[in-house]
Amino acid sequence: MPSKQRKPTLAVWKFASCDGCQLSLLDCEDELLQVAGAVQIANFLEASSAVQPGPYDLSLVEGSITTPHDAERIQAIRKSSRFLVTIGACATAGGIQALRNFADVEEFTRIVYAKPEYIKTLKHSTPISEHVKVDFELRGCPINKGQLLEVISAFLHKRRPNIPQHSVCLE
Ligand code: SF4
């Protein structure tokens, strides 16, 4: 009897963000059911608390890097992902939280938090591509769900996403 073919694994990761881009994926409803039939969703905390260990065939990353812990975590995610795609303006450009890049973040934390000494944050909010290799950047705030489905489908079928203006290398 032929062995059952392994489904590709999909992981969705969150960094500093509002969750709006992950909600775009959840908002796909029927299409998401088709995606769920084609892939094994191994990590998607917005949809399920079940987390499966890597490696992952495709990781979607939302959010920017704003803490020392973020900077370590994205390295581990990159190591465990065959392809890594960033989704949304936070992940591709630093997001609205990158306004801190032009101000004194220590002054902000002093003003906002009662115990600023507990806050461990970086001076800048940076896109994921400043930390690890990114295979594709899907821009938008929030992202377009049709484009998101196209990107997922393209990577799962090892073809170039039919979205203009980006270059991608599938190895
Ligand atoms: Fe939210 Fe926009 Fe960031 Fe997406 S890009 S997580 S919608 S703020």
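Which residues does Leu58 touch, not counting residues up to four places away in sequence? In this predicted model, Leu58 touches Pro8, Leu10, Arg82, Phe83, Val85, Ile152, Phe155 and Leu156. Leu58 is also one of the residues with the most contacts inside the largest nonpolar core, alongside Val61, Val85, Ile87 and Val151. That core has 33 residues, and helix α6 (residues 145–156) gives the most to it, with five residues. In soluble globular proteins, nonpolar side chains tend to be buried together.

Five strands make up an open sheet with parallel pairing, in the order β2-β1-β3-β4-β5. The edges are taken by β2 (40–44) and β5 (136–138); each has a single partner strand, so one side of each is left without a neighbour in the sheet. On average, and with direction ignored, neighbouring strands are turned by 20 degrees against each other.

Strand β1 pairs on two sides. Four bridges join β1 to β2, and Leu10 stands opposite Ile41 in β2. Towards β3, the number of bridges is five, and here Lys14 has Glu62 of β3 as its bridge partner. β1 is mostly covered, with five of its six residues buried. Further along the sheet, three bridges join β4 (residues 81–87) to β5, and these two strands run parallel. Within this pairing, Thr86 has Glu137 in β5 as its bridge partner. Helix α3 (residues 68–79) lies across β1 (9–14), β3 (56–62) and β4, and runs at about 130 degrees to β4.

Attention now turns to the ligand. Around the ligand are Ser17, Cys18, Gly20, Cys21, Glu62, Gly88, Ala89, Cys90, Gly95, Cys141 and Pro142. Two helices, α1 (20–26) and α4 (89–93), each supply at least two residues of the shell. By residue class, the shell divides into six nonpolar, four polar and one charged.

Val35 has 18 other C-beta atoms within 10 Å; a buried residue would need 20 or more and an exposed one 12 or fewer, so Val35 counts as partly exposed. Val35 and Pro164 are 129 residues apart in sequence, and their C-alpha atoms are 23 Å apart in space.

Terms used: Residues are numbered from 1 along each chain as its sequence is written. This is a predicted model: local features need pLDDT of at least 70, side-chain atom pairs count only at pLDDT 80 or more; totals for chains, interfaces and linings use all residues. A residue is near a molecule or strand if its C-beta atom, placed from the backbone, lies within 6 Å of it. Ala, Val, Leu, Ile, Met, Phe, Trp, Tyr, Cys and Pro count as nonpolar, Asp, Glu, Lys and Arg as charged, and the others, Gly among them, as polar. Two strands pair if DSSP finds at least two bridges between them. Axes are lines fitted to C-alpha atoms, for helices over the stretch in contact, and angles run from 0 to 180 degrees between N-to-C directions. Two residues are in contact if their C-beta atoms, placed from the backbone, lie within 7 Å. A nonpolar core is a set of buried Ala, Val, Leu, Ile, Met, Phe, Trp, Tyr and Cys residues joined through C-beta atoms within 7 Å.
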